[in-house]
Amino acid sequence: MQVGDMVQTIAGWSYKTWTGIVLELETNSYGAEWANVLWTEASASDGQIFWQPTAKLEVLSESR
């Protein structure tokens, strides 16, 4: 997974499938990777851009 990739949440993890574009990636102090994603719709609590663990995402289309 890299910046610019189109991703979606893995089925079964959320009540719906979210789709968005990765804006940046970071690894926390525990070694887990997180993606800051611009989602196609806003979340009532987080807005339209928020961090998501990459383990809960799958790449739909890679950036070029």
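1. Contacts. Among contacts (heavy atoms within 4.5 Å) in the protein between residues at least 6 apart in sequence, 34% join residues at least 24 apart.

2. Basis and confidence. This is a predicted model, in which local features need pLDDT of at least 70 and side-chain atom pairs count only at pLDDT 80 or more, while totals for chains, interfaces and linings use all residues. Residues are numbered from 1 along each chain as its sequence is written, and side-chain values use heavy atoms, with hydrogens and water left out. The mean pLDDT (the predictor's confidence in each residue, from 0 to 100) is 90 for the protein, and 95% of the residues score at least 70. Confidence is highest in strand β2 (residues 19-27), at a mean of 96, and lowest in β4, at 91.

3. Overall form. Along the principal axes, the C-alpha atoms fill a box of roughly 30 × 25 × 20 Å.

4. Burial and surface. Of the 64 residues, 25% are buried (under 20% relative accessible area; exposed is over 50%, partly exposed in between; 1.4 Å probe, protein chains only). The protein exposes about 4,200 Å² (Shrake-Rupley method, 1.4 Å probe; for residues, only the protein chains shown count as cover), and carbon and sulfur atoms supply 50% of this area.

5. Salt bridge. One salt bridge (a side-chain nitrogen of Lys or Arg within 4 Å of a carboxyl oxygen of Asp or Glu) is found in the whole structure. The partners are K16 and E41, with their closest N and O atoms 2.6 Å apart. K16 lies in the loop between β1 (6-9) and β2, and E41 in strand β3 (residues 33-43), so the pair ties together parts that are 25 residues apart in sequence. K16 is partly exposed at 25% relative accessibility, and E41 is partly exposed at 36%.

6. Nonpolar patch. M6, I21, L23, L38, I49 and L60 form a nonpolar surface patch with about 450 Å² of accessible area together. Patches are made of residues with over 30% relative accessible area and no salt bridge, like charges being joined within 9 Å and nonpolar side chains (Val, Leu, Ile, Met, Phe, Trp, Tyr) within 5 Å. I49 lies in strand β4 (residues 47-53) and is partly exposed, at 43%.

Note on methods. Helices (H or I, at least four residues) and strands (E, at least two) are DSSP runs, numbered from the N terminus.
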